[in-house]
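Visitor: Could you show me how to read pockets and helix packing in a structure like the one below?

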Amino acid sequence: DYDSWYLRAENGEMLQGWEHWSDVDGALIRFIITGPLAWFGAVALAAPAKDAPPAAFRLTSWGEAMLAGKPPQGLDEETEPLILRSDGRVAASWRTPRVVRYHIARFADWEGTDSSGYRFRLSAAALRRAEAQGIRPKQVINLLKIHSRAVPPSLVKAIRRWDENGTEAAIRPLTVLQVRDPEMLQALRESRAARFLGPVLGPAAVAMAAEAVPQVVAALAEMGYFVEIERK
């Protein structure tokens, strides 16, 4: 029913009626043919000029095979193993089996691609995400051993330690209060602002909550000290 839908073109024109079939259904068909089908190599496109939009297409041998429910011929063999680094990096080439790349993406962080393939990195956050999907660290190690040339011992050790102890190191942004006289810190710890102070970083420095800066500044002012705040 081409009169009941409520569609507008980019210029605001209503696209109702059979006369707008090419602007709606036709546009969708053109996108599927010149987009996904062409990207997958199922069709070959032709145009009347070099920079003109496609005006014709034909099925390729891959497209004919896929329509017949058969695997396309001539695809590169996907037999390349993973390359693992001791720092947690995982490299998968363009010819690494897709099922392996799928599994890697489930328990490693995505870092993008380069000229040789896909890049991932193992991390505590990635292992925690994998565990939420039911993937245990032992399974991660087994998959890496099966699909790589070699697994660095330090990588196996790190995965096992995470399994046993959880995250043992963390990098976090900190707001640091640094004073000239250590006695200032002691006085601050005895003030009402003490609850905003975190771990001691040295005799004259302490970590604190970033959102508590106004309260700490006010407390130091009441004690007779002005504070200089460094901005990023």
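**Pockets and a helix pair**

Guide: The second largest pocket is lined by 16 residues, of which Ser123, Ala124, Ala158, Ile159 and Trp162 lie nearest its centre. Here a pocket is an open set of points on a 1 Å grid over the protein atoms alone, where a 1.4 Å probe fits, with protein on both sides within 12 Å along at least five of seven lines, and lining residues have an atom within 4 Å of a point. This is a predicted model, in which local features need pLDDT of at least 70 and side-chain atom pairs count only at pLDDT 80 or more, while totals for chains, interfaces and linings use all residues. Residues are numbered from 1 along each chain as its sequence is written, and side-chain values use heavy atoms, without hydrogens and water.

Visitor: Which elements give two or more residues to the lining of the second largest pocket?

Guide: Those elements are helix 4 (124-132) and helix 6 (153-165), and helix 6 gives the most, with five residues; helices are DSSP runs of H or I, at least four residues, numbered from the N terminus.

Visitor: How do helix 3 and helix 4 pack?

Guide: Two packed helices are described by the angle between their axes and the distance between the axes. Helix 3 (residues 98-107) and helix 4 have their axes 6 Å apart, at an angle of about 105 degrees, where axes are lines fitted to C-alpha atoms over the stretch in contact and angles run from 0 to 180 degrees between N-to-C directions. The two helices are therefore roughly perpendicular to each other, a term for angles of 65 to 115 degrees. In contact (heavy atoms within 4.5 Å) are Ala105, Arg106 and Phe107 of helix 3 with Ala126, Leu127, Arg129 and Ala130 of helix 4.

Definitions and conventions:
Angles under 35 degrees count as roughly parallel, over 145 as roughly antiparallel, 65 to 115 as roughly perpendicular and the rest as oblique.
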